[in-house]
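The following exercises concern the structure shown below. Each task is followed by a solution worked step by step.

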Amino acid sequence: MRVKKVQNVYQLAFMPKMFPVNCYLVEEQDGLTLVDCALGFAARDIALAAKTIGKPITEITLTHAHVDHVGALDALKKQFPEAQVSISAREAKILHGDSSASPEDAGKPVKGGTPKNIQTAPDRLLGEGDRVGSLEVVSSPGHSPGSISFFDRQTGVLIAGDAFQTRGGVAVSGTFKPLFPFPAMATWDKLTALHSAKKLTLLQPGFLAVGHGHMLEHPVRFMEQAIRDAEQKVKP
């Protein structure tokens, strides 16, 4: 695991061969908010990172329910039983193995690796404008039907899940990057993802933190270029 700190955010980067995955610890006054849970093997290192920072994980919040973002959830909930688990209402269904299309999904099936045996039930269902500590919830569907992002307006850090990737080149979810094609292959709806990318870019973040790839400082011009690239490939 590699750790990088930006503002009050720690990126925990796990580097399994061919498939690097990130999750994030956000330091608050009295505890830590964990954004996403990486793969199952990561639970021990996430707990050790929290111990090194010196605060308990009090919130576990999920951008979406793909298995590479929720894999260590059960193990971490056991280690931090008081932590409140949060996810969007749409992703809560996927979290517990229901990958069928819902009426609001326009009949499009969920793509990507969905969990099969997650036991932890969410304590809170999040929607646009809700807050988890210093983080504001921004609805950003596209990669999955109920994806959400988290924005700290004070520090300018945007944790965008898989709405963007920086691994293999900065890209909107659904834009195929040969060096790291997996987010594109797992994207539920490319046009919706493009709309969400534009919405996130309007926040003018100072830092972009994603599920796959390094964090970007002053990311807006890269996000705008990724949007232009996606517009060339996505038809309304």
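A polar contact is a pair of N or O atoms within 3.5 Å; within protein, one must be able to donate a hydrogen and the other to accept it, and residues adjacent in sequence count only if both atoms are side-chain atoms. The model is predicted, so local features need pLDDT of at least 70, side-chain atom pairs count only at pLDDT 80 or more, and totals for chains, interfaces and linings use all residues. Residues are numbered from 1 along each chain as its sequence is written, and side-chain values use heavy atoms, without hydrogens and water.

**Exercise 1.** Determine whether Asp36 is buried or exposed, and identify its side-chain polar contact with His69.

*Solution.* Step 1: Asp36 sits in the loop between β4 (32-35) and α1 (43-53); helices (H or I, at least four residues) and strands (E, at least two) are DSSP runs, numbered from the N terminus.
Step 2: Asp36 counts as buried because its relative accessibility is 3%; buried means under 20% relative accessible area, exposed over 50%, partly exposed in between (1.4 Å probe, protein chains only).
Step 3: The side chains of Asp36 and His69 are joined by a polar contact of 2.9 Å.

**Exercise 2.** Describe the open sheet of 6 strands and identify its edges.

*Solution.* Step 1: The strand order is β8-β9-β10-β11-β14-β15, with mixed pairing; two strands pair if DSSP finds at least two bridges between them.
Step 2: β8 (131-132) and β15 (216-217) are the edges; each has a single partner strand, so one side of each lacks a neighbour in the sheet.
Step 3: β14 (residues 207-209) pairs with β15 in the antiparallel sense over 2 bridges, and Phe207 has Glu217 in β15 as its bridge partner.
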